[in-house]
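Hi,

Here is the structure I promised to pass on. Have a look at it first, and my notes follow below.

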Amino acid sequence: MSTLFYTSPLRHSHPEALTVSQQAGKYIQQDGSSASSIPIPFLSKSESAEQWSTYENLLYSCLRTGDDKAAHLCLEKLGGRFGTNNERVLGLRGLYQEAMAEDKSNLLQVLHEYDETLAEDPTLTPVRKRRIALLRSLAKESDAINALIELLEASPTDIESWAELCELYVSQGLYQQAEFCLEEILLSTPNAWNVRSQG
């Protein structure tokens, strides 16, 4: 099996993502493991943590290359193994729905579903982050800023969220707030040379 299956899909070039996506159907058929509801520390001999990481990487590559059917199969495998209410699976399902949306009204429907999910359980960080990404893609920067502030109130050491909030503040010309975000990043990661060079 190609080592591309095990590397982050964010590091794949377009041809590499296509190669992985084209091998998805073959991998899914070869795998053939039935998803069980056994907790992860008790993986059976026929499954491993790498297997489920591979399914997630395949999902990203398939979405990136437009292979909707294989992406759906990967999502179903993950949902079958970890449960459809698993916070990571919920975030991946939201990503899948965003990718399948054909127009702005479909995206607004996905946003509404995120709101409903978060009304039931506001601690679902992957769903909150998907909601923020969707707000940004819908050009609702002020809503995205407010959502990031709420997220950071609950998780003040989330460096990615501080960096995203900084980026949004800069795009809005709010440089003093952006500087505060960079300071928060440096408090959490004092050796972050790339952040020091921005300040």
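Let me start with a loop. D103 sits between helix 5 (87-100) and helix 6 (104-120); helices here are DSSP runs of H or I with at least four residues, strands are runs of E with at least two, and both are numbered from the N terminus. Before going further, please note that this is a predicted model: local features need pLDDT of at least 70, side-chain atom pairs count only at pLDDT 80 or more, and totals for chains, interfaces and linings use all residues. Residues are numbered from 1 along each chain as its sequence is written, and side-chain values use heavy atoms, with hydrogens and water left out.

What does the side chain of D103 reach? One partner is the side chain of S105, joined to that of D103 by a polar contact of 2.8 Å. The side chain of D103 also reaches the backbone nitrogen of N106, at 3.0 Å. (A polar contact is a pair of N or O atoms within 3.5 Å; within protein, one must be able to donate a hydrogen and the other to accept it, and residues adjacent in sequence count only if both atoms are side-chain atoms.) D103 counts as partly exposed because its relative accessibility is 39%; buried means under 20% relative accessible area, exposed over 50%, and partly exposed in between, with a 1.4 Å probe and protein chains only.

Another loop residue to look at is A139, between helix 7 (125-137) and helix 8 (141-154). A139 is not a glycine, yet its phi is positive, at about 60°. With 52% relative accessibility, A139 counts as exposed.

On to the rings. Rings of Phe, Tyr and Trp (its six-membered ring) pair if their centres lie within 6.5 Å; planes under 30 degrees apart count as stacked, over 60 as edge-to-face and the rest as tilted. By that rule there are three aromatic pairs. One of them is the edge-to-face pair of W162 and F180, with 5.9 Å centre to centre and 70° between the planes. Because W162 belongs to helix 9 (residues 159-171) and F180 to helix 10 (residues 175-188), this pair ties together parts that are 18 residues apart in sequence. W162 is buried at 10% relative accessibility, whereas F180 is partly exposed at 42%.

W52, Y55 and F82 form one aromatic cluster. The ring of F82 also has the charged end of R81 over it, 5.0 Å from the ring centre; for this, NZ of Lys or CZ of Arg must be within 6 Å of the centre and within 35 degrees of the ring normal.

Now the cysteines. How many disulfides does a search of the whole structure find? The search gives zero, a disulfide being a pair of cysteine sulfur atoms within 2.5 Å. For C62 the closest cysteine sulfur is in C74, and at 5.0 Å this is too far for a bond. C166 is in no disulfide either, as the nearest cysteine sulfur, that of C181, is 5.5 Å away. C62 counts as buried at 0% relative accessibility, and C166 counts as buried at 7%.

Finally, the overall picture. The chain has 11 helices and zero strands. Of its 199 residues, 37% are buried. Among contacts (heavy atoms within 4.5 Å) with a separation of 6 or more, 50% come from residues 24 or more positions apart. The chain exposes about 11,600 Å², with carbon and sulfur atoms supplying 52% of it; accessible areas come from the Shrake-Rupley method with a 1.4 Å probe, and for residues only the protein chains shown count as cover.

Best wishes
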